[in-house]
Amino acid sequence: MDDLKIIRDLAQKAGDIMLEAHEIESVQTEKSGDYNLVTAYDVKVQTFLFKELKKLYPDAKFIGEEVGTDSPSPLEKGYSFIIDPIDGTTNFIHGYGISSVSIAMLKDAENYIGVVYNPYTKEMFYAKKGEGAFLNGKPVSVKDTGLNENLLGFGTSPYYRHIPYYNDGTFDILKALYPHCQDLRRAGSAALDICYVASARQGLFFELILQPYDYAAAAIILEEAGGIITQMDGSPISVERPVSILAGNRRCHEDFFRFTEKEQTER
Ligand code: IPD
Ligand code: CA
Ligand code: CA
């Protein structure tokens, strides 16, 4: 079985389901009154992916953002999938065109395959451990330039905005970094943000808290593209629990610590 091809094909089909949503009706939110939104399509896409993958990998563990997720640790023997059916749901609801299907496959608890697909732009980012990172068939890699020659991407940890540590922390860091970069970008899909670092569209991306399904697939792609992904204190990331994310090329990753020394000590 060509695992990578299987996952790319399924990501493409999942993306087609996302596009249908806009043809049929305006996207309805299931939860309202706050900013943590979920649509019927988040559930529909995850159900589709779990069902198709389970046919091919019946013994695998499945971790996803929506219902029906296995609770066991992905760090076990055999295959595990870590899936965000729609990363960038708020963008999806508003028809913003920057949302993705994100699928990570681990083999014996090791990174194996990462696929992130944006159906609006038809951009498929993917990587298989040891074989490099690609965008629609073309190799991608990070640049070797500092923050002053790059865009800086960030996420706002929107579901934690009521907690000053996350809210003020995000904007304090941005204030410190803004004078040292070319400009700021907030794309709205962490998975794509990390792939944009992998493909050198931006030099660095950070967010104070993300879930494993937001970054697991893109982390594999970024590492294969020569980039670095750690927590914001420089420690290794985990796919077992939510962590902060700092993803960059080597020079931008170093610049982050150089320019946020004060913010790091105050946090
Ligand atoms: C969110 C997106 C967003 C990031 C949030 C994530 P969701 O995922 O990746 O860019 O800022 O922290 O939770 O909820 O759209 O799957
Ligand atoms: Ca997400
Ligand atoms: Ca999601």
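1. Asp84 counts as buried, because its relative accessibility is 1%; buried here means under 20% relative accessible area, with exposed over 50% and partly exposed in between (1.4 Å probe, protein chains only). Asp87 comes out buried too, at 5% relative accessibility. Keep in mind that this is a predicted model, where local features need pLDDT of at least 70, side-chain atom pairs count only at pLDDT 80 or more, and totals for chains, interfaces and linings use all residues. Residues are numbered from 1 along each chain as its sequence is written, chains are lettered from A and ligands numbered from 1 in the order in which they are written, and side-chain values use heavy atoms, with hydrogens and water left out.

2. Have a look at Glu224, in helix H6 (residues 212–224); helices are DSSP runs of H or I with at least four residues, strands are E runs of at least two, and both are numbered from the N terminus. Glu224 is buried yet lacks a salt bridge, with Lys129, the nearest side chain of opposite charge, 4.7 Å away. A salt bridge needs a side-chain nitrogen of Lys or Arg within 4 Å of a carboxyl oxygen of Asp or Glu. What does the side chain of Glu224 reach at 3.2 Å? That would be the backbone nitrogen of Glu131.

3. Glu224 is also in contact (heavy atoms within 4.5 Å) with residues including Lys128, Gly130 and Ala133, leaving aside neighbours within four places in sequence.

4. For the overall layout, the domain assignment gives domain 1 (3–139) and domain 2 (147–266); such bounds come from an automatic or database assignment. Their C-alpha centres lie 21 Å apart, and 41 residues of domain 1 are in contact with 27 residues of domain 2.

5. Last, Pro242, in the loop between strand S11 (228–230) and strand S12 (243–248). Pro242 counts as partly exposed, at 36% relative accessibility. Setting aside neighbours within four places in sequence, Pro242 is in contact with Ile209, Leu210, Gln211 and Pro212.

Technical notes:
Lys and Arg count as positive and Asp and Glu as negative; His and the chain ends are not counted. A polar contact is a pair of N or O atoms within 3.5 Å; within protein, one must be able to donate a hydrogen and the other to accept it, and residues adjacent in sequence count only if both atoms are side-chain atoms.
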